[in-house]
Amino acid sequence: MSVRAPAPKTVDLGDPGTFADHDLDEFWRTLRDTAPVHWNPPADGRPGFWVVSRYDDIMAAYRDDEHFTSERGNVLVTLLGGGDAGAGRMLAVTDGHRHHELRKILQRVLSPRVLSDVAAAVRANTRQLIREAVDSGGCDFAEQIAGRIPMTTISNLLGVPERDRDYLLEQTKAALSADTEDVDEVDSEMARNEILLYFMDMVEERRETPGDDVISMLIASSIDGVPLSDEDIVLNCYSLIIGGDETSRLTMIDGVHTLAARPDQWRRLKHGEVAIDTAVDEVLRWASPTMHFGRTVVRETELHGVPLRPGEIVTLWHASGNRDERVFDRPGEYDLGRTPNKHLAFGYGPHFCLGSYLAKVEIAELLMALRDFTTGFEQTGEALRIRSNFLTGFSTLPVRFWPDDSGMKEVDR
């Protein structure tokens with residue numbers, strides 16, 4: 001059970017337990033109002049870092065590649081650990097010309113124009129999973145539905161065999177978060193290494209036997225005439241499998257959790273009173289599954305009178321920016337009809353999430369399948385929160401579905 005947030009000076013945002021044990025809405029509101037650039041002091045051997053909580057300041061930092069860099073890490077786990085081993089090679093932690101060229105390569109397979117067949121497969125898979133869950137009466141939505149949709153999609157793109165997908169899902173869930181308190185950073189590091197080793201083997205296989213998948217495309221790609229190395233490819237496969245699974249999966253779980261507790265919003269969705277695309281954006285804003293991204297100062301600057309010096313870590317908190325009263329009307333209300341809704345769930349600027357279109361497709365198909373095949377649903381047991389200082393959401397969500405016979409009959413025709 002969450003408890004009221006403690007005073008700002010007692011909150012350690014570097015501790016994953018902080019987010020599992022506290023409701024931080026009031027904490028974020030206090031920071032936005034009184035300390036928009038807040039110093040999180042060193043704790044338990046971790047260095048201190050700056051916390052930016054206002055929407056406009058987060059946007060400005062994302063646009064600013066003169067004073068900030070991603071190449072020393074972009075999440076607390078690597079920033080506090082001294083840097084990211086993938087810097088300059090993995091898209092998320094690469095800046096400048098190489099980032100631009102690498103992004104162009106990956107856009108070949110992740111742009112809306114080339115994903116129409118993938119979107120059709122997402123639709124078929126999602127509707128089948130929801131129908132099966134409705135037929136059975138209920139399920140652990142986190143494991144049996146949300147755990148399968150994004151992983152199936154990104155695995156198809158990467159050419160991951162079906163037999164390996166449960167294993168990879170287990171590793172991605174442990175890489176940057178934990179389902180229980182007894183999983184520590186050593187376990188998370190081992191999971192990250194397992195993913196890298198898995199894709200090293202896949203790259204070796206694809207060099208011998210190319211296929212019609214992203215790994216084969218990366219093997220055939222080059223930047224400035226230099227082919228991507230095996231390490232380049234493996235690091236970007238790691239980024240794709242993590243990013244392709246986590247955001248969509250955690251958003252889906254949060255969406256069902258929230259709608260089960262807000263029947264008025266479910267009725268608006270069910271009766272077609274809100275556009276699906278509009279609802280998707282609010283589901284994303286509310287969930288904000290990626291709580292932050294980070295940067296390192298490379299040139300001295302200032303924000304709200306606070307000097308930021310080279311080498312210092314600056315964290316940009318979507319969890320706060322997406323609730324900023326200066327930008328969003330009634331930000332504490334869940335409104336599936338909210339517009340405009342320029343949320344930060346996918347970041348902003350040069351590092352705006354490359355998979356945002358695919359994530360929106362997955363969430364939209366889930367909402368449409370729920371609308372078509374159920375009259376409603378309820379949570380039937382405790383939803384357990386994950387433990388992470390980067391991601392937020394639930395690891396379990398037991399639900400019961402009530403079938404919509406008209407929707408089920410329509411599909412059978």
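Which residue forms a salt bridge with Arg 285, and how far apart are the closest N and O atoms? The legends below take up this pair after some notes on the model.

This is a predicted model, in which local features need pLDDT of at least 70 and side-chain atom pairs count only at pLDDT 80 or more, while totals for chains, interfaces and linings use all residues. Residues are numbered from 1 along each chain as its sequence is written, and side-chain values use heavy atoms, with hydrogens and water left out.

**View 1. The salt bridge of Arg 285 with Glu 282.** The partner of Arg 285 is Glu 282, and their closest N and O atoms are 2.8 Å apart; a salt bridge here is a side-chain nitrogen of Lys or Arg within 4 Å of a carboxyl oxygen of Asp or Glu. Both residues lie in helix α14 (residues 276-287), three residues apart, about one turn of the helix, where helices are DSSP runs (H or I) of at least four residues, numbered from the N terminus. Both Arg 285 and Glu 282 are buried, a term for under 20% relative accessible area, with exposed meaning over 50% and partly exposed in between (1.4 Å probe, protein chains only).

**View 2. The salt bridge of Arg 249 with Glu 246.** In this pair the closest N and O atoms are 2.6 Å apart, and the two residues are separated by about one helical turn because they stand three residues apart in helix α12. Arg 249 counts as buried at 5% relative accessibility, and Glu 246 counts as buried at 3%.

**View 3. The salt bridge of Arg 330 with Glu 333.** Here the closest N and O atoms are 2.7 Å apart; Arg 330 is partly exposed, with a relative accessible area of 34%, and Glu 333 is partly exposed, with 40%.
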